[in-house]
Amino acid sequence: MVEITPGRAYGFFTDTSVCIGCKACEVACKQWNELPGNEPSFLDGFDNTGKLDSQNWRHVSFIDNVPDETMSSGQGKAWLMMSDVCKHCQHASCMEVCPTGAIIRTEFDSVYIQPDVCNGCRDCIAACPYDVIGADEHTGVAQKCTLCYDRLQGGMEPACAKACPTQSIQFAPLEELRLTARKRVSDLHAQGVTQARLYGEDEAVYGGLNAFFLLMDAPEAYQLPNQENAVLPSRNNAGSYLTMLVTAVLGVLGGLIALRRRREPAAAAVPSGTPPPDTAPAATAPETPPGAAGESRERDERGED
C-alpha cells in the first residue's frame, strides 16, 4: 500500500515489457471516473478504442512490428504493447497555452484540468504533443487523466495501477519509481534485452514526465516525440510572432490607404465622346434662329432691302 502525502510528487512507471494487453486499466479507469466511452469499433489488430481522448484516459496500444516472414526457432519477436496515459509533464504545453488558468498542478504534482474553469477553447488540445486531451461532446470542456486526483485525496492509489495484473503500471512517489525503473532496465540489459530503454525518466523530454515508460523500441515506434522533437510551443513561436507582426502592420497600412482613398472626392463623370478639358473646341458658325432663313428669302423676292 502506497502512503500518499500531499506535497510529494507522484506518478506512473509503465513497464511495457510486461504489458499483456488485457485492457484492465482501461476498464478500471472508465468505471471509476464514470466515463461512458465511445461506441466500440474494432480497428486494425485488437484495438477497439483507437486513441486517448475525452472518453479514454487510458489506452492500450498494440503495435505489430513483427515481420510477415516466418521466423526461425529462437528468433521470435513479440508485439509492442503499451498502456498509454497523460504524461503529466513537468513542462506542460497545455498549461502554457491555457488562457483561463483552468489547468493547474496539484499538491501531488499532477496536471489537472478544472472543469468549472475551462471555457472549452481547445487550445490545450492543439498544444498537447501526446494528443491525450479531448473535449467532452456534452459539456464542451477539456478532459484527460487526472491521476485519479479524487482517489489520491482519499489516500487511494489510481484505479488503473490498482487493476493492472502484471504490475506493468506502477504508482509511487517519483523518486522511488525512478530507482525502480533504472534497476529494471539494468536487469533487462543483463539478460540480453539491450533494446530496453527509459522514456521521460530524466529531464530530456519536457523537463521530465511524471508518467514515464520503459520502452522496448525507439520512441518513434510508439508514436512518441523524441528528445529533439520535444519542444514547448513558446520555443517555436518567435518566427510566427514576427510574421504575425509584419502581417498586422501591412494590414493597418492597407486599411489607412483604403480609408484615405474613400475620403477623396470622386471625379465627375465625363460623357462618352467629350473631348478632354484642355482641348479647344473647333470654331463653328453662329446658329441662325428658327424662321430667319424664310423671312430673308421673302424680302429678296419683293426686292426689299
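The model is a predicted one, in which local features need pLDDT of at least 70 and side-chain atom pairs count only at pLDDT 80 or more, whereas totals for chains, interfaces and linings use all residues. Residues are numbered from 1 along each chain as its sequence is written, and side-chain values use heavy atoms, with hydrogens and water left out.

Strands β9 and β10 pair in the antiparallel sense over three bridges, where two strands are said to pair if DSSP finds at least two bridges between them. Helices (H or I, at least four residues) and strands (E, at least two) are taken as DSSP runs and numbered from the N terminus. On the parallel side, strand β1 (residues 10-15) pairs with strand β10 (residues 211-215) over four bridges, and within β10 the bridge partner of T14 is F213. In general, the strands of a sheet pair through backbone hydrogen bonds, either parallel or antiparallel.

These pairings belong to an open sheet of four strands in the order β8-β1-β10-β9, with mixed pairing. Its edge strands, each pairing on one side only, are β8 (169-173) and β9 (197-199). Neighbouring strands of the sheet are turned by 25° against each other on average, direction ignored; axes here are lines fitted to C-alpha atoms, for helices over the stretch in contact, and angles run from 0 to 180 degrees between N-to-C directions.

How enclosed is β10 by the rest of the structure? Because five of the five residues of β10 are buried, the strand is largely enclosed by the rest of the structure, where buried means under 20% relative accessible area, exposed over 50%, and partly exposed in between, with a 1.4 Å probe and protein chains only. Both faces of β10 are covered, with A211, F213 and L215 buried on one side and F212 and L214 buried on the other. In strand β1, T14 counts as buried because its relative accessibility is 0%. If neighbours within four places in sequence are left aside, T14 is in contact (heavy atoms within 4.5 Å) with R58, S83, S168, I169, F212, F213 and L214.

Helix α6 (residues 174-190) lies across β1, β8, β9 and β10, and runs at about 135° to β8. A salt bridge, defined as a side-chain nitrogen of Lys or Arg within 4 Å of a carboxyl oxygen of Asp or Glu, joins the side chains of R184 and D15 at 2.9 Å, N to O. This pair links distant parts of the chain, since R184 sits in helix α6 and D15 in strand β1, 169 residues apart. R184 counts as partly exposed because its relative accessibility is 24%, whereas D15, at 3%, counts as buried.

Within helix α6 itself, the side chains of K183 and D187 meet in a salt bridge of 3.1 Å, N to O, and these two residues lie four residues apart, about one turn of the helix. An α-helix has 3.6 residues a turn, so residues three or four places apart point the same way. K183, at 55% relative accessibility, counts as exposed, while D187, at 30%, counts as partly exposed.

A search of the whole structure finds eight salt bridges. Among the others described here, D109 forms a salt bridge with R105, the closest N and O atoms being 3.5 Å apart; D109 is buried with a relative accessible area of 16%, and R105 is partly exposed at 25%. K23, E26 and D47 are linked in a network of salt bridges.

Just after α1, E34 takes a positive phi of about 55°.

L245 lies in helix α7 (residues 237-263) and counts as exposed because its relative accessibility is 52%.
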